[in-house]
Amino acid sequence: MPIGDTQPSVRPASAGRAGGAAVAPAAHRSGTRPRRTRGGLGAERYAPYILVLPAVLIIVLLRLYPLLLGVNFSFTGDGAQNGTSVGFGNYRELFGDPLFRTALSNVGLLVLLLPVAVAIPGLLATFIYLRVPGHRFYRSVYFFPAVLSPVIVGAIFNLLLAFDGPLNAVLGSFGVGPVDWLGDPDIAMFMVVGVHIWATFGMALVVFLAGFATLDAALLDAARVDGASLRQVVWHVIIPSLARTIQFVFVTTMIGMLTSMFGLLFVMTSGGPEGSTYLPEYYIWIQQGQMNRPALASAASTILFMIMLVVGLLQIKLLERSGKED
């Protein structure tokens with residue numbers, strides 16, 4: 001055969017490769033996903049666990065492990081019995097101490113006042129969201145107390161609530177006799193809790209405002225069209241829609257009351273008068289820092305942890321049940 005008549009032969013294998021290159025984009029355009037290898041599927045399956053592993057390690061090493069050490073330490077003795085197992089001796093001593101029993105009774109008072117501590121930021125957030133008269137004032141000043149140190153807040157209210165302070169001077173102008181706000185065992189704890197609520201409600205208000213950002217405005221418009229009053233809108237529309245936010249604020253506010261009032265107590269009353277303003281965290285500090293009884297303080301810390309756990313779970317269950325009933 002002459003050389004000029006020679007034609008290149010077309011091999012099927014080459015055509016297959018060329019055709020495969022053309023078919024692949026078409027298959028991709030048609031929406032079919034490429035087949036993943038077994039190794040790729042395994043990596044994708046374990047990716048979430050790998051991402052949360054650092055956070056889990058931090059929680060275990062810095063939270064759970066010290067908690068277990070504290071619980072174990074609470075069953076040992078202090079002083080001459082340091083490191084010696086004493087069983088439930090520390091717990092029996094705690095419940096026999098009148099100051100610790102007072103601290104536990106004050107925890108019950110905090111639980112009773114908790115709805116007030118949640119209702120105040122909730123109502124203010126509602127006013128801001130509904131733009132009622134004065135909402136700009138609340139928006140501008142609501143967070144100011146939250147940036148103040150508890151020591152500064154305590155010092156300010158020590159001056160305001162002093163026996164010869166401005167509050168009693170105002171009451172005297174109306175013919176009311178002076179009240180020993182921080183020296184009367186019957187009202188001192190209420191004063192400290194009230195100051196704590198004033199100083200911390202800004203954080204809860206921010207959480208409520210974030211919850212309002214997820215609220216469906218159509219529900220409010222429908223309620224207004226139906227002629228619902230402000231109370232009916234709050235009770236039948238806003239509260240059910242913000243059930244999860246309310247649960248979160250309830251739990252975090254309760255934890256804050258049980259674990260973040262030491263600064264106020266130390267500055268305003270130092271546990272007095274007559275131990276009436278003791279809380280478990282202040283009792284723990286006294287036993288650890290002044291009495292040098294770390295094992296007894298560990299027992300009190302364990303009881304405080306159990307109280308927070310039980311109260312938090314009960315609050316969540318009750319709020320969930322009320323939400324289902326609504």
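Let's start with a charged contact: aspartate 78 and arginine 293 meet through their side chains in a salt bridge, with 3.6 Å from N to O. The term salt bridge here stands for a side-chain nitrogen of Lys or Arg within 4 Å of a carboxyl oxygen of Asp or Glu. Aspartate 78 sits in the loop between helix 2 and helix 3, and arginine 293 in the loop between helix 13 (280-290) and helix 14 (294-325), so this pair ties together parts that are 215 residues apart in sequence. Helices are DSSP runs (H or I, at least four residues), numbered from the N terminus.

Before going on, please keep in mind that this is a predicted model, in which local features need pLDDT of at least 70 and side-chain atom pairs count only at pLDDT 80 or more, while totals for chains, interfaces and linings use all residues. Residues are numbered from 1 along each chain as its sequence is written, and side-chain values use heavy atoms, with hydrogens and water left out.

How accessible are the two partners? Aspartate 78 is buried, with a relative accessible area of 14%, whereas arginine 293 counts as partly exposed at 24% relative accessibility. Buried means under 20% relative accessible area, exposed means over 50%, and partly exposed is in between (1.4 Å probe, protein chains only).

Arginine 293 also meets the side chain of glutamate 93 in a salt bridge, at 2.6 Å from N to O. This pair links distant parts of the chain, with glutamate 93 in helix 3 and arginine 293 in the loop between helix 13 and helix 14, 200 residues apart. Glutamate 93 counts as partly exposed, at 35% relative accessibility. Put together, Asp78, Glu93 and Arg293 are linked in a network of salt bridges.

The structure holds three salt bridges, and one of them joins aspartate 221 to arginine 224, with the closest N and O atoms 3.4 Å apart. These two residues are three apart in helix 9, so about one helical turn separates aspartate 221 from arginine 224. Aspartate 221 is partly exposed at 42% relative accessibility, and arginine 224 is partly exposed at 48%.

Now to the rings. The structure holds 15 aromatic pairs. Phenylalanine 75 and tyrosine 91 have ring centres 5.5 Å apart and planes at 45 degrees, so their pair is tilted. Rings of Phe, Tyr and Trp (its six-membered ring) pair if their centres lie within 6.5 Å; planes under 30 degrees apart count as stacked, over 60 as edge-to-face and the rest as tilted. Phenylalanine 75 is in the loop between helix 2 (38-73) and helix 3 (89-96), and tyrosine 91 is in helix 3, so the pair ties together parts 16 residues apart in sequence. Phenylalanine 75 is partly exposed at 25%, while tyrosine 91 is buried at 12%.

Tyrosine 278 and tyrosine 282 form an edge-to-face pair, 5.2 Å centre to centre with 90 degrees between the planes. Both of these tyrosines are buried. Tyr278 and Tyr282 belong to one aromatic cluster, which also includes Phe95, Phe262 and Trp285.

Finally, have a look at helix 10 (residues 230-241). Which of its residues are buried? They are Val233, Val234, Val237 and Ile238. These residues cover an arc of only 125 degrees around the axis, which puts them on the same side of helix 10; the arc is that of the directions from the helix axis to the C-beta atoms. The face turned away from this buried side carries the exposed residues Arg231, Trp235 and His236.
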